[in-house]
Amino acid sequence: MVIFLAPRDLTKLANDIKTMRIRGAAEIGRAAVDGLEVFATSSKAVKPQAYMDQFEEVYQLLLETRPTAVSLPNALRYVKHRVDQAYKRGMDTDELRALTMRAAEDFKKSSLEAVKRISEMGSKRIKDGDLLMTHCNSSVAISTLIQAKRSGKEFSVMVTETRPRFQGRLTAKALADAGIPTTLIIDSAARNYMPKVDKVFVGADVVTANGAVVNKIGTSQIALVAKEARVRVFVCAETYKFSPSTVLGELVEIEERSPEEIVPKEEMKKMNGVKILNPAFDVTPPELIDMIITEKGLIPPQAAILILMEEYGWTIGEEHIGKTLVEEE
Ligand code: RUB
């Protein structure tokens with residue numbers, strides 16, 4: 001039974017995340033809580049129970065948009081945990097509505113503050129004359145590079161185009177617009193240029209309990225050739241991209257996208273019998289990463305478990321996920 005018919009802008013928002021009009025882990029997380037705000041303002045529920053049932057439905061709709069980036073469930077749980085607790089304490093519907101909005105705003109604010117902190121700390125690792133490499137389109141990595149430029153550093157960046165969706169073009173434009181000398185290369189040229197590169201800066205969709213980083217497909221190859229060339233790899237990631245469920249043994253689901261992103265439908269007809277695989281992300285093991293730059297400081301990837309334990313406690317269980325990411329109301 002459909003309890004709540006999502007208003008058009010809510011279904012549009014969910015669809016925009018699914019089709020990648022809204023994309024990148026940080027943006028996905030903030031957009032997801034925007035969805036909860038849209039729900040809170042448009043729900044006509046009178047009784048708290050009805051509000052909670054509708055909340056659950058919208059929560060599931062948003063949760064199912066993209067499977068990999070943990071920012072999405074972590075952002076949604078940040079709000080849901082507060083609303084659940086308040087409901088149990090007997091809040092009325094209007095209070096629950098207001099709380100949903102407040103929690104969503106709090107999440108977005110802390111997410112943007114984290115990016116600012118990461119940019120300030122990460123930018124200190126960039127030196128005059130550096131040639132950096134980045135892959136895909138990480139708003140946090142870009143913000144770090146732009147912060148370095150603002151603080152007066154003179155460096156240049158090599159950006160991989162990031163097939164099949166070419167997010168690297170967005171990155172190259174953003175960096176060039178900020179006055180940073182930028183060069184776009186094809187993904188497979190990364191090893192060719194790596195000996196000239198000083199540092200690699202990338203973002204993350206997920207950091208797992210053992211310090212592995214899930215990011216755009218191709219990141220692990222870049223990290224591998226960086227290791228071969230003795231180039232340091234920095235990952236810019238807010239702590240809400242650390243995955244608590246990996247502590248419980250769960251594996252990160254890697255999103256498999258349409259083959260048509262690689263070969264257009266018309267071309268595919270001529271390629272009978274050819275199977276096309278299009279994973280959106282890959283896993284870079286901790287031994288290929290030098291530092292993860294979080295809003296709490298720079299940590300070696302092996303310390304990821306400490307961040308998770310600090311956030312969720314040492315007795316982490318399914319019921320705790322999302323809990324200690326929030327201040328109790
Ligand atoms: C984007 C991607 C980005 C991370 C981090 O993949 O892999 O590197 O999401 O981005 P997609 P941010 O284009 O498939 O969403 O630092 O902005 O969170």
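**Figure 1. Placement of domain 1 and domain 2 in the predicted model.** The C-alpha centres of domain 1 and domain 2 are 27 Å apart. Domain 1 covers residues 8–116, and domain 2 covers residues 117–313. To the contact between them, domain 1 contributes 20 residues and domain 2 contributes 32 residues.

**Figure 2. Area buried between domain 1 and domain 2.** The size of an interface is often expressed as the accessible area lost when the parts come together. Here the two domains bury about 1900 Å² between them. Carbon and sulfur atoms account for 52% of this area. On the domain 1 side, Arg 23, Thr 68 and Val 115 supply 27% of the area buried against domain 2. No other three residues of domain 1 supply more.

**Figure 3. Salt bridges and polar contacts across the interface of domain 1 and domain 2.** Two salt bridges are found across this interface.

**Figure 4. The side of domain 1 that touches domain 2.** Three helices each supply at least two residues to this side: H2 (25–42), H4 (71–88) and H5 (93–123). Helix H5 gives the most, with six residues. Sorted by class, the side of domain 1 that touches domain 2 holds nine nonpolar, five polar and six charged residues.

**Figure 5. The hairpin of strands E5 and E6.** Strand E5 spans residues 206–207 and strand E6 spans residues 213–216. The two strands pair in the antiparallel sense, over two bridges. Val 207 stands opposite Val 213 of E6. Five residues lie between E5 and E6 in the hairpin. In the turn, Gly 211 has a positive phi of about 90°.

**Figure 6. Pairing of strand E6 with strand E8.** Strand E6, which forms a hairpin with E5, is also joined to strand E8 (residues 281–284). E6 and E8 run antiparallel and are connected by four bridges. Val 214 has Val 283 in E8 as its bridge partner.

Technical notes
Residues numbered from 1 in each chain as written. Predicted model: local features only at pLDDT ≥ 70, side-chain atom pairs only at ≥ 80, totals over all residues. Heavy atoms only, no water. Domains from an automatic or database assignment. Contact = heavy atoms within 4.5 Å. Buried area = accessible area lost by both parts, 1.4 Å probe. Salt bridge = Lys/Arg side-chain N within 4 Å of Asp/Glu carboxyl O. Polar contact = N/O pair within 3.5 Å; in protein donor to acceptor, adjacent residues only side chain to side chain. Nonpolar A, V, L, I, M, F, W, Y, C, P; charged D, E, K, R; others polar. Pairing = 2+ DSSP bridges.
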